[in-house]
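Please read the following report alongside the sequence and the 3D view.

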Amino acid sequence: MRCSAPPFPNSNVPAPPAPARRHGRCFRTRRLRRAALLGLAAAFVGAAVGCSSSSADGTAIELPNGEPGIGFDDLRYSSALHRVLVPGGRSGALFLIEPETGNARAIEGFSSTPDFGGGHDDGPTSVDEGRGYLFVTDRSSLSLHVVDPNQGAIVVTAPLAAGPDYVRYVAATDEVWVTEPSGDQLEIFSLAKEGLPTPTSVAVIPVDNGPESLVIDGTRGRAYTHRWQASTIAIDLASRAVVAEWPNGCSASRGIGLDEARGFLFAACREGTATVLDAAGDGRVVSALARGAGYDVMGYNPALGHLYLAGGDCACLTVLGLSASGELSYLGRFDAPGDTNGVVADDVGNAWVSEPGEGRMRRVRDPYAASLP
Amino acid sequence: MKALAALAGAGLLAAAAPASAQSEEAPRRPIQAGARLGYALPLGSYEHGTAASDLSFGSAVLGLDGAYSLGRVVSLGGLARLGFGIPKACSTSGDCTSSLGRDVSLLALARFELGAFGRFVADAEAGLGYAWVTRRSSDDGTVSSRSYHGPVWVHAAVLPALRLGARARLALAVEADIGTALRTSLDAPGVDDARNADGPTLNAQVLLGLRGSFAFLPAPAPQRSVGSTCARPALRPWGRMVCRRAASVGA
């Protein structure tokens with residue numbers, strides 16, 4: 001580096017001689033430049049820390065015929081069967097996974113397609129358990145199937161009025177409720193009292209701008225479902241009337257969950273917010289926490305008081321704790337597949353995260369202590 | 001991301017090379033003003049459990065800066081930036097427009113001239129300041145927004161530039177900011193919550209863009225010493241160049 005006086009603009013006078021190189025202003029100038037370079041290097045190295053990509057956490061659980069990919073949607077856990085219930089979409093199968101071993105059993109006979117084109121519009125996409133049977137909705141055939149898990153086969157099928165989303169068994173009325181967002185309605189099926197629980201459509205409940213997700217609160221005799229934006233509605237199970245509507249903290253309402261014993265209703269928002277609503281009281285938002293993004297189907301473990309939220313936008317599984325007063329706290333975050341859209345909790349301390357592109361599930365061990373006493 | 005770090009390193013090397021092989025000094029630029037446009041990649045997290053990239057792919061950033069030269073190498077000044085966060089979760093053009101995030105940062109900075117090589121010059125910046133970040137998510141007109149604000153502990157940049165005459169330069173801007181969010185708020189249907197951020201955690205952004213700058217050069221001083229030329233130029237603190245007395249020439 002040459003250290004010399006700057007040329008005088010528009011001057012025709014030669015520059016004065018350069019000063020001694022290791023003295024005075026010139027030496028300070030070089031030191032300043034070196035310091036600037038070192039500082040820059042340190043800053044850029046610091047900014048690059050943490051930039052390395054990482055793979056998803058947990059154990060991959062392969063599913064039969066899952067390789068082309070599966071458009072997972074609803075996920076459930078049956079304590080009675082001690083199995084994670086995974087509707088297999090395109091594969092045309094319902095998978096029952098033993099939580100400790102990860103062994104998956106496929107019950108087939110649903111609509112199937114060989115290729116996976118993204119989304120979750122094909123085959124079985126929602127399931128619930130009741131009366132010892134499994135109720136499964138099939139989006140391709142627009143039908144409600146009743147499955148005998150012991151036989152491993154479909155035993156009864158009924159047609160649906162519109163494209164289904166969620167199916168839930170209502171023990172209090174011995175009915176099956178199916179959300180049909182394409183028709184802005186809930187369809188209600190009564191079940192034959194004896195023999196096979198053959199479903200018969202008996203009513204529809206209009207839900208404008210919905211319904212999205214569904215959970216049954218037998219203690220309070222209500223069903224809860226979201227409108228697509230901003231609010232959650234409560235429907236009386238007996239009268240089938242909308243009895244309340246509450247702001248839910250979501251710009252885009254997606255997943256739903258319930259701590260029935262404590263009267264806390266959960267909403268998972270696509271934008272990454274989770275809220276707790278006082279379902280036992282006036283429905284106000286008790287607590288809200290924004291972490292991650294891209295949430296859809298959520299899981300809840302009532303024994304631990306842990307909420308599980310999986311989002312593709314954040315490629316993360318977020319674990320939140322619930323206090324006895326309904327306050328949410330952040331517990332931890334795991335790396336999840338970048339295309340995940342759902343998670344379900346079992347009763348042995350695992351969260352099961354969907355991985356649609358690979359047509360498999362990931363089992364993530366929850367390492368956190370119980371949040372509830 | 002590694003490529004970005006490599007690019008930053010290459011920029012540093014490119015900036016360092018002319019510093020050691022300088023063949024020509026740039027004209028003194030007492031007052032400098034610049035405008036920059038770039039793309040900022042979010043890194044790190046605003047609080048525990050929240051990655052800076054959760055809701056946004058990055059931000060389109062506009063910046064205005066100004067600096068005053070304290071000597072041959074160092075200038076002091078400020079930088080104001082406005083960024084528009086590009087949302088991840090939106091499905092219609094209307095929602096995507098409503099979901100644009102807002103990044104505002106105000107920085108005090110020192111700029112260092114690293115050296116010159118022909119028409120190429122390189123500057124570096126270091127500074128600190130404060131930043132406000134808002135991420136919005138709109139779905140069919142219903143909006144939820146998260147906001148964070150806190151100090152920017154380190155702003156660093158390297159600005160290899162091409163001289164466009166005596167006053168103007170066009171530079172590649174490679175910048176990095178590292179900061180911490182102190183406060184956060186959530187505004188959503190039924191929710192209006194503000195609290196301290198769950199941290200501390202470090203967030204960062206790496207910005208790649210272009211900077212155009214303009215220098216307000218000093219006016220030539222009255223030539224009153226040796227004939228029609230100035231033998232002993234000197235810079236006054238307010239940036240004006242003057243000639244010293246002829247008696248001091250050659251001293």
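Predicted model: local features only at pLDDT ≥ 70, side-chain atom pairs only at ≥ 80, totals over all residues.

Residues are numbered from 1 along each chain as its sequence is written, chains are lettered from A and ligands numbered from 1 in the order in which they are written, and side-chain values use heavy atoms, with hydrogens and water left out.

**Chain A overall**

Chain A contains 1 helix and 28 strands; helices (H or I, at least four residues) and strands (E, at least two) are DSSP runs, numbered from the N terminus. Chain A has 373 residues, of which 57% count as buried. Buried means under 20% relative accessible area, exposed over 50%, and partly exposed in between (1.4 Å probe, protein chains only). Contact means heavy atoms within 4.5 Å. Of the contacts in chain A between residues at least 6 apart in sequence, 46% join residues at least 24 apart.

**Strand 19 of chain A**

Strand 19 covers residues 264-269 of chain A, and 6 of its 6 residues are buried. In a regular strand, side chains alternate between the two faces of the sheet. On one side of strand 19 of chain A are Phe264(A), Phe266(A) and Ala268(A), on the other Leu265(A), Ala267(A) and Cys269(A), and all are buried.

Strand 19 of chain A pairs in the antiparallel sense with strand 18 (residues 253-259) of chain A over 6 bridges, and also in the antiparallel sense with strand 20 (residues 273-278) of chain A over 5 bridges. Two strands pair if DSSP finds at least two bridges between them. Gly255(A) has Ala268(A) in strand 19 of chain A as its bridge partner, while Leu265(A) stands opposite Leu277(A) in strand 20 of chain A. Both pairs of strands form hairpins, as tabulated here.

| Hairpin in chain A | Residues between the strands | Turn residue and positive phi |
|---|---|---|
| Strand 18 and strand 19 | 4 residues | Gly263(A), about 75° |
| Strand 19 and strand 20 | 3 residues | Gly272(A), about 105° |

**Single residues**

Asp174(A) lies in the loop between strand 10 (167-170) and strand 11 (175-180) of chain A. Asp174(A) counts as buried because its relative accessibility is 12%. The side chains of Asp174(A) and Arg131(A) make a polar contact (2.7 Å); the term stands for a pair of N or O atoms within 3.5 Å, where within protein one must be able to donate a hydrogen and the other to accept it, and residues adjacent in sequence count only if both atoms are side-chain atoms. Not counting residues up to four places away in sequence, Asp174(A) touches Arg131(A), Tyr169(A), Ser190(A), Leu191(A) and Lys193(A).

Cys316(A) is in strand 24 (residues 316-322) of chain A and, at 0% relative accessibility, counts as buried. Beyond four places in sequence, the residues touched by Cys316(A) include Gly292(A), Tyr295(A) and Phe334(A).

Ala106(A), in strand 5 (residues 104-108) of chain A, is partly exposed, with a relative accessible area of 30%. Leaving aside neighbours within four places in sequence, Ala106(A) is in contact with Pro64(A), Ala93(A), Leu94(A) and Phe95(A).
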